[in-house]
Amino acid sequence: MTIKYTIKPTHPEAHIFTITCHVDKPALEGQQFQLPSWIPGSYMIRDFAKNIIRFEAYDSSKNKLTTKKLNKSLWQVQACDNSISIEYDVYAWDLSVRSAHLDTTHGFFNGTSTFFAVVGQEAETCHVDIQKPDGKHYDNWRVATSLETLESSLYSFGQYQAKDYDDLIDHPVEMGNFDLGTFSINDVQHDIVLTGKHRTDIPRLCNDLKIICQTHVDFFGELPSDIKRYVFLTMVVGEGYGGLEHRSSTALLCSRNDLPLKNQDQTTEYRNFLGLCSHEYFHTWNIKKIKPEAYLPYNLNEEVYTEQLWAFEGITSYYDDLSLVRNKTITPEAYLELIGITITRVLRGNGRNKQSVAESSFDAWTRFYKQDESAPNNIISYYAKGTLIALGLDFTIRNATNNEKSLDDVMRILWQEYGKKNIGVPEKRIEAIAAEISGENLQGFFDKYLYHTEDLPLEDYFKAVGITLDSYIADSVDNTGDIKNKTEFKESNSVNIGARIINNLLGAELTHVFDGGNAQRAGLSAGDIVIAVDKIKVTKSNFEKIICSYPANTDLEIHAFRRDELIILDLKLNRAEHDVYYLELENSSDKSVLDKRTSWFKV
Ligand code: ZN
């Protein structure tokens, strides 16, 4: 029995979608309806039902039925021996890729925010009628989604279909007056949809995306067979960043400046945007198909735990940029700069000494996704250190097999044996496959770098391929390893403040204070607003410069506000640590070293 939904932006000006769901054969004891509490790919309880602002139910003669809310996300409708419908309003004002957003310029929604599951009938096929808002203003609106059309034509309002509830909520929908670019990969149509104000060179974007997508398809050998069309849904805003993967689409949020203009050189921002697209597209295999056993099926009502996110996010993060250098979208130098930024991010945070990557994955729900001012000191990112573990694993396998095997082979086995067959990957299985491929016992590797907090021997890995890992002292924490910002310091007496700073009307506000740094040793805390150093007024723009102008071992008087109280602190400046890492290609003449590097950068 098909479940029939309708969704209509009834009040775009008030950010309200009205949705109906018709059930032919409701449960005899009273049908229950449940909205997910989280969205796959973003591991945090978001309680989407908090945006349900009206919920009503009717029998087939339009008589109102009583409804009862059983918990924060679960409703029950009065028992009825005929078909029933529910009708409800969703408040949609979250400009992110995770939820829903509606105004008079566009609408965007994830099914997890808008479509209730009919409890017990989740395996039934679903039809959804996507309706246009009323009024002339919306005459030119179109629909972009990877949902399969039913009685509608591509990009039009009308009937769409999904094979079950899980499918229904895995195809976000964009509606509005958007721009569109199209290309094809292995005869499968790929669309890029851009909503918002922009001046993108769309043919150039399509060319670059086509190369990236083809690289990933060739890497795994095929597109998953159920992908009939793939869509990059992109919301373009002044300032924004985000991406969420789906089975045959991705929802992206980007800044206008990230997108390429005609005849413009490749900017760092565009390079990062291509990296984001590459990342989400790689997920089409690695997490949408190859996924932890615990996610099959997803329990969207509560937290689901796995220690494997390093593999799904870390390995994906490793290949998102590596594939760009492999297909020559970016230069090797640009790639090394990106890796340098990741190394800096990992090695600068003391959190890496307190939390293992496996723990970071397990605790994603309450820690990585709920970061506060202590995050750099207390947690490690399974994305960033996960990337370095992937890199370390890749080099370990290459070294063990005389460069005949690599992490690429591990990924292809995972695709063939798990992803393609819809079998969940048990915990620790990826480690076992990597060991089989390398022919070595890798328990020590995973023990040290994944389950404990040891730093990877990065210098050795890079040395083997003729790349030098070096570091310098940053004059600002905003300097994360961009080699262009490399500043030569007088090493013996360089100092820095050891905190992240934002502007405040009164002075320089500290948002994060790093373990062991000068700010923390002086007794400064996150939230403090420093107003003077050595009795000179400071702001965000001059605070770090002023601090850096003093030699090490200077005693300084700091004036700051903590809440509304003035505090006066003594700071003895310690020397700064080298904490900005960068990589450089060596002009090696050793053929075996160069061969290894070539092979690493080869598709
Ligand atoms: Zn990801």
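**Asp89**

I began with what Asp89 touches: Ile16, Phe17, Thr18, Asn51, Ile52, Ile53 and Arg54, leaving out residues up to four places away in sequence. Contact here means heavy atoms within 4.5 Å. The model is predicted, so local features need pLDDT of at least 70, side-chain atom pairs count only at pLDDT 80 or more, and totals for chains, interfaces and linings use all residues. Numbering runs from 1 along each chain as its sequence is written, and side-chain values use heavy atoms, with hydrogens and water left out.

I placed Asp89 in strand β8, residues 84–91. Strands (E, at least two residues) and helices (H or I, at least four) are DSSP runs, numbered from the N terminus. Is Asp89 buried or exposed? Asp89 is buried, with a relative accessible area of 11%. The scale is: buried under 20% relative accessible area, exposed over 50%, partly exposed in between, with a 1.4 Å probe and protein chains only.

I then looked for a polar partner of Asp89. Its side chain makes a polar contact with the side chain of Arg54, at 2.8 Å. A polar contact is a pair of N or O atoms within 3.5 Å; within protein, one must be able to donate a hydrogen and the other to accept it, and residues adjacent in sequence count only if both atoms are side-chain atoms. I also checked His15, which is 74 residues from Asp89 along the chain. The C-alpha atoms of the two are separated by 9.8 Å.

**Zinc**

Which residues coordinate the zinc ion? I found His279 (NE2), His283 (NE2) and Glu313 (OE), at 2.0 to 2.1 Å. Donors are N, O and S atoms within 2.8 Å of the metal (3.2 Å for Na, K and Ca); water is not among the atoms, so sites may look incomplete. Along the chain the donors follow the spacing H-x3-H-x29-E. His283 sits in the loop between α4 (268–282) and α5 (309–326), while Glu313 is in helix α5, so this pair ties together parts that are 30 residues apart in sequence. I checked burial too. His283 is buried at 0% relative accessible area, and Glu313 counts as buried at 1%.

**Domains 2 and 3**

I noted the division next: domain 1 (1–174), domain 2 (177–264), domain 3 (293–467) and domain 4 (494–572). These bounds come from an automatic or database domain assignment. I picked domains 2 and 3, whose C-alpha centres lie 25 Å apart. Nine residues of domain 2 are in contact with 13 residues of domain 3.

How much area is buried between domain 2 and domain 3? About 950 Å², and carbon and sulfur atoms give 66% of that. Buried area is the accessible area (1.4 Å probe) that two parts lose on being put together, summed over both. Phe219, Phe220 and Glu222 supply 56% of the area that domain 2 buries against domain 3, more than any other three residues.

I counted polar links as well. Four residue pairs are in polar contact between domain 2 and domain 3, both residues at pLDDT 80 or more. Helix α3 (residues 202–220) gives the largest share of the side of domain 2 that touches domain 3, six residues. One salt bridge is found across this interface. The side chains of Glu222 and Lys420 meet in a salt bridge at 2.9 Å, N to O. The rule asks for a side-chain nitrogen of Lys or Arg within 4 Å of a carboxyl oxygen of Asp or Glu.

**Helix α10 and Ser406**

I listed buried residues in α10, among them Leu407, Val410, Leu414, Trp415 and Tyr418. The buried residues of α10 pack against α3, α4, α5, α9 and α11 (429–438). Ser406 lies in the loop between α9 (384–400) and α10 (407–419). Ser406 is buried, at 6% relative accessible area. Beyond neighbours within four places in sequence, Ser406 is in contact with Asp394, Ile397, Arg398 and Ile437.

**Backbone checks**

Most residues other than glycine have a negative phi, and most peptide bonds are trans. I found a cis peptide bond joining Leu296 and Pro297, with omega about -5°. Pro297 is in the loop between α4 and α5. Asp47 has a positive phi, near 50°. Asp47 lies in the loop between β3 (32–34) and β4 (52–59) and is partly exposed at 24%. Asn186 also has a positive phi, near 45°. Its loop runs between β17 (179–185) and β18 (188–195). At 44%, Asn186 counts as partly exposed.
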